[in-house]
Amino acid sequence: MVVNTVLSIMAYNYPPEKMSIYLSDDGGSDLTFYALLEGSRFSKKWLPFCRKFKVESRSPEAYFRKAVEPLNDSPWSKEWSSMKNLYEDMKKRIDTVEELGQIPDDIRQQHEGFLEWDTVSSRRDHQTILRIMIDGRDANAADDEGQPLPTLVYLAREKRPQYDHHFKAGAMNALIRVSSRISNSPVILNVDCDMYSNNSDSVRNALCFLMDEENGDEIGFVQFPQCFDNLTKNDLYSSSLNAVMQVEMHGMDNNGGPGYIGTGCFHRRETLCGRKYRRGSKRESLKWDHHQRIRDSARVLEETCKTLASCGYEENTEWGKEMGLKYGCPVEDVFTGLAIHCRGWRSVYFNPERKGFLGVAPTTLLQSLVQHKRWSEGCLQIFLSQNCPLLYGHGKIPLKLQLSYCVWMLWAPNCFASLYYVTIPSLCLLRGVSLFPKVSSQWSFLFIYPILATSAYSAGEFIWCGGTLRGWWNDQRMWVYKRTTSYVFGFLDNILRLLGITKSAFVITAKVADEDVSKRYEQEHMEFGAPSPMLTVLTTLAWLNALIFIGVLPKLAMYGETLDQLAMQIMLCGLLVCVNRPLYEGIFVRKEKVRMPTSVAYKSAIFALVACSLACL
């Protein structure tokens, strides 16, 4: 996956001598270093192939998976087959070493960089490992057609147990400093390791905004949408975030610029270094001569740059505060984007027809819930701090942009209304207590119309954004699931943090899925994963509404006169039962590994029965 990300960026339709690619390996793995070494060798053949045949996309894995193999005996067919075989051979070598779990001695002798791991204690305790795999300044760094190759650098920043490494933000800041010494290009693109470039012209597209003669000098970054390559037809876990990416981000674009979402973003280097935008001052920041780069040898650069990625470099500096990505928040990207806007810079949201970047969406329900829990927790943390957009942004950014940010910041508090509607009406139904007007009453229109109107609008918007009707239903299901688990836990964690009981934590979403899990995901069978408090809450609510709905049906048969009074609560309870169908399948229909964890099903049933018993007292 990492190799494909790197190769897709190296193959951009842009002068290679002006590009430098940096891989941050925060795991400090020699296996990743070996994969990058193989990728650097393969690039000598892959880049000419992409240029010659104008290949899209330029991730080998994605290209060969989607492309139709030529069947004739033309030169194109032979080159295509040859290139695919070369890629499969490289992939097999990497997979073999990965299965082995260590680098064989014969491979270690191929590059002196492997010697760095002789002194590595663990992935959380090691020195800075910095290697320039391809030196773009070297005349010998050329592909098979004699064209120059981009500079390629491997970096595993220093980590020590006694230092806080600040997760992704710390890794990005180390890259900013190291790259400023090696290449110091004025524009920085950051892409997550589980994404790849799907459009070879993305860099040119971004530069069109940044170099615009009228307004380009005020553009701090160009944000591409976060899109995914492995979405199912009906987007089982609503990972596409259709409304956010296709509607809300465009709205923010009109209000002063979209937020920074952590990947697929082209930044001016100076915006990440803390500089403020001064209106009326035309900058020459994008005029960069790659011939003026430092002339030190690659080995000298490696040694001098290691200090920039050391643990102690940031002590008593503004890094993580006014320089680089912000520290102290699970959503460092949103926080950093807000800070850039408050320094006077604008941003642009660019959503081309051919997506700029594609990534890997969560393939299990729990992965998706955990991801949204981190997002909602981090956004609320910003809102409850002195960096709240309404305070921090006052007088710095337009009010409409402040409010646009608040839509994200207040995801977590939205949980309370949702929790109310999935529990209280059903529990009151069990006791025969009516919370809504009779259906025959004219006052019921005040409830029925908003529900029907918002549902119709939501479905129309979802389909307009390219979704399906069933995909919209999945989106509504995940809307309920996120607001009754992810947002609840995100809100509670913020309260505990404010009380000093816990600290903020950065939860990493799994980037690689098991083959069986991936197959079930493609078939749109919901995967639950390991036992979790969030699954317990979801399953308890599912049990609760199912037990109440089944228990109320006999009463309706006996006392039909209450139907009009309780009709809206009955429909709401029945709707929740329909929403939770995948959970019931996981409890009663699925078998062995693919079923709901037994412990979760039993505990949830007990909790639901206790709740029903207390409601009947």
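**Overall architecture and the setting of Asn190**

The protein chain exposes about 29,000 Å², of which carbon and sulfur atoms supply 57% (Shrake-Rupley method, 1.4 Å probe). The model is predicted, so local features need pLDDT of at least 70 and side-chain atom pairs count only at pLDDT 80 or more, whereas totals for chains, interfaces and linings use all residues. Residues are numbered from 1 along each chain as its sequence is written, and side-chain values use heavy atoms, with hydrogens and water left out.

Along the principal axes, the C-alpha atoms fill a box of roughly 90 × 60 × 50 Å. The protein chain contains 22 helices and ten strands (DSSP runs of H or I, at least four residues, and of E, at least two). Buried residues (under 20% relative accessible area, 1.4 Å probe, protein chains only) make up 53% of the 617 residues.

Asn190 lies in strand E4, which covers residues 187-190. Asn190 has a relative accessible area of 5% and is therefore buried. Its side chain reaches the backbone oxygen of Gly262 at 2.7 Å. Leaving aside residues up to four places away in sequence, Asn190 touches Lys168, Met172, Tyr260, Gly262, Thr263, Gly264, Cys265 and His267 (contact: heavy atoms within 4.5 Å).

Notes
Buried means under 20% relative accessible area, exposed over 50%, partly exposed in between (1.4 Å probe, protein chains only). A polar contact is a pair of N or O atoms within 3.5 Å; within protein, one must be able to donate a hydrogen and the other to accept it, and residues adjacent in sequence count only if both atoms are side-chain atoms.
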